[in-house]
Amino acid sequence: MTKNLHSPEFQEQALSKARQRGTRSMQHVADELNMPVGTLRKWISKSNRMHEVGGPAAQLPEDLPAQSWGPAQRLLALNQTHPMTPTQLLSIPDQRDR
């Protein structure tokens with residue numbers, strides 16, 4: 001049995017594609033990437049464990065859109081913005097402008 005090694009760049013692109021898949025199934029995304037769906041799910045699970053609350057990635061990333069943030073990052077954003085007034089919320093710079 002041969003082991004197919006993927007570059008870290010490919011893994012990141014695959015994770016991004018899987019997280020932003022919309023209504024497409026995980027199987028569809030894996031087929032599109034020509035890889036086993038189990039491998040893709042394992043990568044997602046590993047990535048999610050790395051982003052758990054209190055983990056090293058419990059910060060808001062500047063290089064990822066909010067739609068692809070993990071649960072810990074979404075909770076952190078909610079905690080940071082909850083006490084803000086509507087005016088303060090509107091003054092937060094949009095990441096797309098960077």
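A salt bridge here is a side-chain nitrogen of Lys or Arg within 4 Å of a carboxyl oxygen of Asp or Glu. This is a predicted model, in which local features need pLDDT of at least 70 and side-chain atom pairs count only at pLDDT 80 or more, while totals for chains, interfaces and linings use all residues. Residues are numbered from 1 along each chain as its sequence is written, and side-chain values use heavy atoms, with hydrogens and water left out.

Q: How many salt bridges does the structure hold?
A: The structure holds two.

Q: Why do the side chains of Lys17 and Glu32 count as a salt bridge?
A: Their N to O distance is 2.9 Å. The cut-off is within 4 Å, so the pair qualifies. Lys17 lies in helix 1 and Glu32 in helix 2 (residues 26–33), so the bridge ties together parts that are 15 residues apart in sequence. Helices are DSSP runs (H or I, at least four residues), numbered from the N terminus.

Q: What makes Lys17, Arg24 and Glu32 one network?
A: Arg24 and Glu32 also meet in a salt bridge, at 3.0 Å, N to O. Salt bridges that share partners join the three residues.

Q: Why is Arg24 called partly exposed?
A: Its relative accessible area is 27%. Buried means under 20% and exposed over 50%, with partly exposed in between (1.4 Å probe, protein chains only). Lys17, at 32%, counts as partly exposed, and Glu32, at 41%, does too.

Conventions:
Helices (H or I, at least four residues) and strands (E, at least two) are DSSP runs, numbered from the N terminus.
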